[in-house]
Amino acid sequence: MLSLKSILSQIKRSFKQYKLNHLENNYFSKLMDALQTPIEYLKGIGPSRANLLKQELNLFTFQDLLYFFPYRYIDRSTFYKINDLPKNSSEVQIKGEIVNVEMIRQKRGKRLVATFTDGQNKMELIWFRGHQWIKESLKLNTAYVIFGRLNWYDNRPHMPHPEMDTLENFEKGFSTALQAVYRSTEKLLSKGISQRVIIKMMGELMRSSENPFAETLPGDLITKYRLIDKNTALKNIHFPKNQDTLTAAQNRLKYEELFFIQLQLLMKNLQRKQKIKGFVFSKVGDYFNTFFNNNLPFELTKAQKRVIREIRKDIGTAQQMNRLLQGDVGSGKTIVALMVMLIAADNGFQSCLMAPTEILAKQHYQSLKSMVGGLDISIGLLTGSSKKAERTQLAELLESGELNILIGTHAVIEDKVKFKNLGFAVVDEQHRFGVAQRAKLWRKNSIPPHVLVMTATPIPRTLAMSVYGDLDISVIDELPPGRKKVKTIHRYDSNRLKVFKFIADEIQKGRQIYMVYPLIKESEKMDYKDLMDGYESISRAFPPPKYQISIVHGQMPAKDKDYEMDRFIKKQTQIMVATTVIEVGVNVPNASVMVIESAERFGLSQLHQLRGRVGRGNDQSYCILMSSHKLTNEAKTRLETMTATTDGFQIAEVDLKLRGPGDLMGTQQSGVLQLKIADIIKDNQWLKTARSDAQELLREDPRLEAIKNTSLRQTLAKMKAYQNIWNYIS
Ligand code: ADP
Ligand code: MG
């Protein structure tokens, strides 16, 4: 019998070997090209500035600097006349001369004032710092171009701390119509590394790179999209001549960025499939067939059937399946997982299902057990609170292979849990687990089991492509028939009595109610107090013995949680007061009202998950979002979205727009989203294009061995991200 540790090291070894093969590839030797030169070697930088740039902006090499793209541009093509200056604090540029400089002493400190004229009118330029040095450098009666933000005082314009260039320098310098603006920090500014200095460094970098930057994209793609070449793009992104050249540069670099990320993800997926052999579940046997004929409690939806077909295609070949199953809450993912488990059993393999909470694990255990009634399938439950005796017994059954299915929490991935032959592993509500935990499951055998990761937090397809590009994706995009849409309404706290009345009516009809309180940080005393206060006021409004109330929160011992949950499931209580611990998975079809307190404090995906707890039975269900009157715009949008739609994918789209991809659940671990120039949302179209181009390319040349793909291979080898991805494994 194999322990997890030995399996793990075996897998690691095979990946190491794989990495070595790549290292031998002589293209790797070119990693150390000129762009890897440390930044201090750039003219005008030196060690102390280099240190600042490293600390503050993470710029270590020429390459880092080259790819440090501006975040905006200012128009340097327009020159104002002083008389026509806009009467606000915008940034303007003026041509003129200085006719007078004087130091004015004030009560506190002094300021340097220069009188500047454009030939017709005059204005003042003011410095509050660096007087001496500036005073000495200012030349009278010399043509200057000044640039800066306006200040109006007494209807007269001033410009504090202008950027200045002599007209002569301005015209011959790198100065272009659009001037790049770079991200900076207070510290850099205070140490004299201004925008000007950064622009100078960029100019120096361009001059010092005598060899043009090598082209990285294949010619046919460049032609297809009429992209500009890499060299021009990199120059124009920092020093655009006009808006058109800038747009061309941005398009080229965005496409390139997305293309290489997709290429890398797709290649990794292909290689994984080739390198890692999977078990072949060649037959569909008695377990599956008997279940299908005798036990299946309903007809599967088209989407469920399609997904089962997709999975069967994977597991029927010698490839290891690594599939993400996305399906809205209530779409019926569990039965899909169960049916694949039965196929595993038909082929003599064990399965396991890992759930994020004890409540959920237990619920899966009970429902799976009842569904397979009459079949000779044995199912075990393992959680953090399993007793020692139970564990010992489970261990025996697992190692002898008598146990077909193990359901549990994280406990199932502990090293001491050994299977005889784990063939199929399911991870439910994967956003609750880290990538590392997923990977751990992966390594339970000498041959990794087929893995199905299920999530009810739908993420938009475009994002899924970039985050989970290494997984295949299946989607259940259809709810079982007869489901009534959950009616969602937003009520202010001042309407609480009406809401209570509504609850009482629903209870009268035999329904059950959830009331959820925010517990965003489990340790926050305030939240706990809110919950307890809420519990008390609900107890007063719904007094025993007529009403019984369950309460569940994160700080309770697991057995108390289970007890309270059980009472609710058995209809001994009508109201469940809880925190978001009930967010995932819990299935009580008779509960038809979800009241969410302080709904403005929840994120969209959380609200959607919570709403998914109702609408599971045949009755019309309701979700009531309670909030105070004080709402931020974002909170308003969230509540409006919830009342407008029940479509998880649509909600995820809004969520993505509101929060940006970095915040989305489960995506934090993914370095993939730290894009330098492209934007997953705005450049959606480019992303799709880049992905299909990468796919096509790999269909022709899966290992990029063709001569014409040499530069692609080189570029991939150089990508830092390439290494990051391997960190995932080692
Ligand atoms: P989720 O995808 O959120 O995990 P579940 O698997 O818990 O959803 O399924 C939700 C409910 O729908 C369960 O009670 C399940 O038995 C039921 N269900 C699943 N598939 C169907 C179907 N095809 N027809 C009717 N009910 C179904
Ligand atoms: Mg589920």
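Reader: What percentage of the 730 residues of the chain count as buried?
Author: This is a predicted model, and the secondary structure of its chain comes to 26 helices and 22 strands. Among contacts between residues at least 6 apart in sequence, 74% join residues at least 24 apart. Of the 730 residues in the chain, the share that counts as buried is 53%.

Reader: Is lysine 254 buried or exposed?
Author: Lysine 254 belongs to helix H10, which covers residues 243-275. Its relative accessible area is 17%, and because the cut-off for a buried residue is under 20%, lysine 254 counts as buried.

Reader: Which residue is joined to lysine 254 by a polar contact between side chains?
Author: When neighbours within four places in sequence are left aside, lysine 254 is in contact with Ile677, Ala678 and Asp683. The polar contact between side chains spans 3.3 Å, and the partner of lysine 254 in it is aspartate 683.

Reader: Are helices H13 and H14 parallel, perpendicular or oblique to each other?
Author: Helix H13 (residues 333-346) packs against helix H14 (residues 358-371) with the axes 11 Å apart and at an angle of about 60 degrees. Since roughly parallel requires under 35 degrees and roughly perpendicular 65 to 115, the two helices H13 and H14 are oblique.

Reader: How many nonpolar, polar and charged residues make up the contact of H13 with H14?
Author: The crossing of these two helices, H13 and H14, is right-handed. On the H13 side Thr334, Ile335, Leu338 and Met341 take part, and they meet His364, Leu368 and Met371 of H14. By class, the residues of this contact are five nonpolar, two polar and no charged.

Key. Residues numbered from 1 in each chain as written. Chains lettered and ligands numbered in written order. Predicted model: local features only at pLDDT ≥ 70, side-chain atom pairs only at ≥ 80, totals over all residues. Heavy atoms only, no water. Axes fitted to C-alpha atoms, helices over the stretch in contact; angles between N-to-C directions. Helix = DSSP H or I, 4+ residues; strand = E, 2+ residues; numbered from the N terminus. Parallel < 35°, antiparallel > 145°, perpendicular 65-115°, else oblique. Left-handed = near helix turned anticlockwise from the far one by under 90°. Contact = heavy atoms within 4.5 Å. Nonpolar A, V, L, I, M, F, W, Y, C, P; charged D, E, K, R; others polar. Buried < 20%, exposed > 50% of the residue type's maximum accessible area, 1.4 Å probe, protein only. Polar contact = N/O pair within 3.5 Å; in protein donor to acceptor, adjacent residues only side chain to side chain.
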